[in-house]
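Please read it with the model open.

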Amino acid sequence: MDLKAPASLDELVSALHSELSGSCADVQRVKWLMEHYEANPEDYEKFCKWDPHRYTRSLVDRGNGNFNLIVLCWGEDQGSSIHSHANSHCVMKILDGQMRETVFDWPTSDKSCTEEQLGTLQKREVREYGAGSVAYINDSMGIHRVENASHTRRAISLHLYSPPFDMCKTFDERTGHERMCRLTFCNYSGRTAPCSKPEPCQDA
């Protein structure tokens, strides 16, 4: 690929602006940039905000309306709801710690399924990611939950969403019931913003 490995978060943002300047995203090139970004705490620590009740989302860059780049901080045992991605691409890089991703099938409306199958979300796969790992998902691949399963260590991840969105669907694992959730930030480009009260529908 004719790409240069980003040596800093600023270089990553600049490269993403170039790659995502149009209406179509080349997912492989975006993943390559995320994979080859050499994460340095001095780059992202100003975006880290910790909350004892939930994980936080801090906006790094709005991407000229074509993407959002976000730092997420996860305390011990904190995780997202099961959620969709509003038909966007989602690329996640683990900056520090370890994360677990659980992928589910979309709720089914197949009348041939049993009542139990209609209600409970079907778990498809569980993946573990260490620092430096990159993961990708979109709605055609299913819905997922992301969590820091450690009881003793925090985790930090960097997420890219293209196109950006501020609403998504969240799901109850036991019933498959869905609802719409509005997403918020606790930090804008390194500047602290007031967090709303903890909400079970916080997205990843």
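1. Is Arg 182 buried or exposed? The model is predicted. Arg 182 has a relative accessible area of 53%. The cut-off for exposed is over 50%, so Arg 182 counts as exposed.

2. Where does Arg 182 sit? Its place is strand β11, residues 178-182. Leaving out residues up to four places away in sequence, Arg 182 touches Asp 166 and Met 167.

3. Now the aromatic rings. The model holds 3 aromatic pairs. One of them joins Trp 106 and Phe 171. The centres are 5.6 Å apart and the planes make an angle of 85°, an edge-to-face arrangement.

4. What does this pair tie together? Trp 106 belongs to the loop between β5 (99-104) and α4 (115-119), while Phe 171 belongs to strand β10 (residues 167-171). The pair therefore links parts that are 65 residues apart in sequence.

5. The two partners can be read by accessibility. Trp 106 is partly exposed, at 33% relative accessibility. Phe 171 is buried, at 6%.

6. Tyr 161 and Phe 165 also pair. Their ring centres lie 5.2 Å apart, with the planes at 70°. Planes over 60 degrees apart count as edge-to-face, so this pair is edge-to-face. Both Tyr 161 and Phe 165 are buried.

7. Arg 154 places its charged end over the ring of Trp 50, at 4.1 Å from the ring centre.

Definitions and conventions
Residues are numbered from 1 along each chain as its sequence is written. This is a predicted model: local features need pLDDT of at least 70, side-chain atom pairs count only at pLDDT 80 or more; totals for chains, interfaces and linings use all residues. Side-chain values use heavy atoms; hydrogens and water are left out. Rings of Phe, Tyr and Trp (its six-membered ring) pair if their centres lie within 6.5 Å; planes under 30 degrees apart count as stacked, over 60 as edge-to-face and the rest as tilted. Helices (H or I, at least four residues) and strands (E, at least two) are DSSP runs, numbered from the N terminus. Buried means under 20% relative accessible area, exposed over 50%, partly exposed in between (1.4 Å probe, protein chains only). A charge sits over a ring if NZ of Lys or CZ of Arg is within 6 Å of the ring centre and within 35 degrees of the ring normal. Contact means heavy atoms within 4.5 Å.
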